[in-house]
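Here is a friendly walk through one protein model, meant to be read with the structure open beside it. Please have a look around before reading on.

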Amino acid sequence: MDEKLPWFGKLSAQDRSWIGLVAQSGITAFVDWFRDPDAHSSMPTRMFGSAPREFTRVISLHQTVDLVRTTIEMIENTIGDLLPADDIPFVHEAMNRYAREVAFAAATVYAQAAELRGAWDARLEALVVDSVIRGEADESVRSRASALGWTGSGTAGAGTAGSGEVAVVVGRAPSNEPGSTNVADAVRHAAREAGADALCAMQGDRLVIVLGGTSKPVETVQTLAEFFGPGPIVVGPLVPDLMAAVTSARAAVAGLRAAPAWPGAPRPVHADELLPERSLSGDGHARRQLATDVYGPLTMGDGVLLDTVSTYLDSGGSIEGTARAMFIHPNTVRYRLKRVGEITGYSPSNPRDSFTLRVALTLGRLLNPEPGASVL
């Protein structure tokens with residue numbers, strides 16, 4: 001083996017000794033089987049029992065086949081010196097039958113090992129996702145995710161490095177799948193095709209995906225929407241890495257809970273697009289975000305933008321009505337409303353954005369009654 005198989009010499013002494021033990025066990029098993037095939041029909045399978053289960057991680061199935069082939073070739077070249085000429089064809093035929101059984105036994109051993117690894121990986125993946133959702137991500141979680149093949153940088157093509165940012169995606173679990181393993185495998189494969197990393201787990205009636213390696217998670221999730229059940233799919237905001245993914249998970253879970261309040265929401269929808277629904281459903285983080293990022297900037301300076309957008313909303317979205325109420329020119333109203341859109345990212349003339357602004361102003365007044373003061 002050392003002469004014919006280049007990789008054999010690179011194994012440790014312990015691993016080479018295990019291979020020798022398996023080969024000796026196989027030869028002994030062949031002698032017993034050849035003596036009485038019916039009494040020793042299970043010998044080809046049992047010959048691999050002398051090696052530890054971890055051995056399947058040391059050498060591949062292809063390498064195992066090479067080992068079996070090398071052993072049989074050596075025996076075939078030797079039996080001519082050990083047996084009478086008339087017995088050689090009979091023994092040779094028996095060896096071929098036995099070698100076939102050994103090949104099937106090797107395939108069975110590796111298939112069982114793959115199934116065990118798959119089941120263990122599924123449990124480990126579910127544990128990692130659960131830790132992310134519960135905010136318990138630490139170095140051990142990073143290590144476990146790495147063992148599952150997670151890099152966080154994706155597989156962005158065309159020579160472009162993937163983003164290291166992470167987003168958590170939450171939606172209903174598919175109801176027509178017999179198990180979560182197939183769904184998780186399909187999600188990971190589709191994510192890799194899209195140039196991203198993915199960790200996937202079923203949590204009751206919801207499917208949770210931790211997505212990495214993409215700077216545009218909503219677009220990436222559009223390619224994964226088929227794996228979710230009916231209903232909304234919410235994408236949490238991007239965070240720097242897996243350790244900070246609880247922030248994205250919290251927003252995604254809160255968004256999924258609040259999504260029914262917006263029947264016309266896109267699928268998938270970003271959690272930040274559900275800020276008003278989330279705040280109304282009791283999400284304190286969404287309330288503070290609206291008060292800080294939307295209401296807060298409007299209170300800066302003399303507060304004229306706050307007064308203008310408030311009057312505009314109270315006037316039913318009428319520029320002329322706002323101008324009359326504030327004794328200013330309609331073009332001044334238009335300019336100020338444009339500034340509101342530039343500062344907050346929400347255009348008062350857009351029905352959806354105006355609803356968000358209305359909720360933000362209400363929350364801002366509740367949480368920060370004094371203009372210019374810091375938001376609680």
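**Overall make-up**

This is a predicted model, in which local features need pLDDT of at least 70 and side-chain atom pairs count only at pLDDT 80 or more, while totals for chains, interfaces and linings use all residues. Residues are numbered from 1 along each chain as its sequence is written, and side-chain values use heavy atoms, with hydrogens and water left out.

The protein has 15 helices and five strands; these are DSSP runs numbered from the N terminus, with helices being H or I of at least four residues and strands being E of at least two. Of the 376 residues, 42% are buried, where buried means under 20% relative accessible area, exposed means over 50%, and partly exposed lies in between (1.4 Å probe, protein chains only). Taking contact to mean heavy atoms within 4.5 Å, 66% of the contacts between residues at least 6 apart in sequence join residues at least 24 apart.

The five strands form an open sheet in the order 2-3-1-4-5, with mixed pairing; two strands pair if DSSP finds at least two bridges between them. Strand 2 (197-203) and strand 5 (269-270) are the edge strands, and each has a single partner, so one side of each lacks a neighbour in the sheet.

| Strand pair | Bridges | Direction |
|---|---|---|
| Strand 2 and strand 3 | Seven bridges | Antiparallel |
| Strand 1 and strand 3 | Seven bridges | Antiparallel |
| Strand 1 (166-172) and strand 4 (233-235) | Three bridges | Antiparallel |

Asp197 has Gly212 in strand 3 as its bridge partner, and Gln203 stands opposite Arg206 in strand 3. Arg172 also stands opposite Arg206, while Val169 has Val235 in strand 4 as its bridge partner. The hairpin of strand 2 and strand 3 has two residues between the strands, and there Gly204 takes a positive phi near 65°.

How enclosed are these strands? Six of the seven residues of strand 2 are buried, so strand 2 is largely enclosed by the rest of the structure. For strand 3, six of the seven residues are buried, so that strand is largely enclosed too. Helix 9 (245-258) lies across strand 1, strand 3 (206-212) and strand 4, and runs at about 25° to strand 1. That angle is taken between N-to-C directions, from 0 to 180 degrees, with axes as lines fitted to C-alpha atoms, for helices over the stretch in contact.

Thr214 sits in the loop between strand 3 and helix 8 (217-222). With a relative accessible area of 10%, Thr214 is buried. A polar atom of its side chain lies 3.1 Å from the backbone nitrogen of Lys216, and a polar contact of 3.0 Å links the side chains of Thr214 and Thr220. A polar contact is a pair of N or O atoms within 3.5 Å; within protein, one must be able to donate a hydrogen and the other to accept it, and residues adjacent in sequence count only if both atoms are side-chain atoms.

The 23 residues of helix 1 (13-35) should span 33 Å at 1.5 Å a residue, and its end C-alpha atoms are 33 Å apart, which agrees. The expected span is 1.5 Å times one less than the number of residues. Among the buried residues of helix 1 are Ile19, Val22, Ala23, Gly26, Phe30 and Trp33. An α-helix has 3.6 residues a turn, so residues three or four places apart point the same way.

In helix 11 (284-298), 15 residues should span 21 Å, and the end C-alpha atoms are 21 Å apart, in agreement. Helix 11 bends by about 30° at Thr292, the bend being the angle between axes fitted to the seven residues ending there and the seven starting there. Its buried residues include Leu290, Val294, Tyr295 and Leu298, and their cover includes helix 10 (275-280), helix 12 (304-314), helix 14 (330-344) and helix 15 (351-367).

At the start of helix 11, a side-chain oxygen of Asp283 reaches to within 3.1 Å of the backbone nitrogen of His285. Gly284 lies in helix 11 and, at 26% relative accessibility, counts as partly exposed.

**Thr311**

Thr311 is in helix 12. A polar atom of its side chain lies 2.7 Å from the backbone oxygen of Asp307. Leaving aside neighbours within four places in sequence, Thr311 is in contact with Thr322, Ala325 and Met326.
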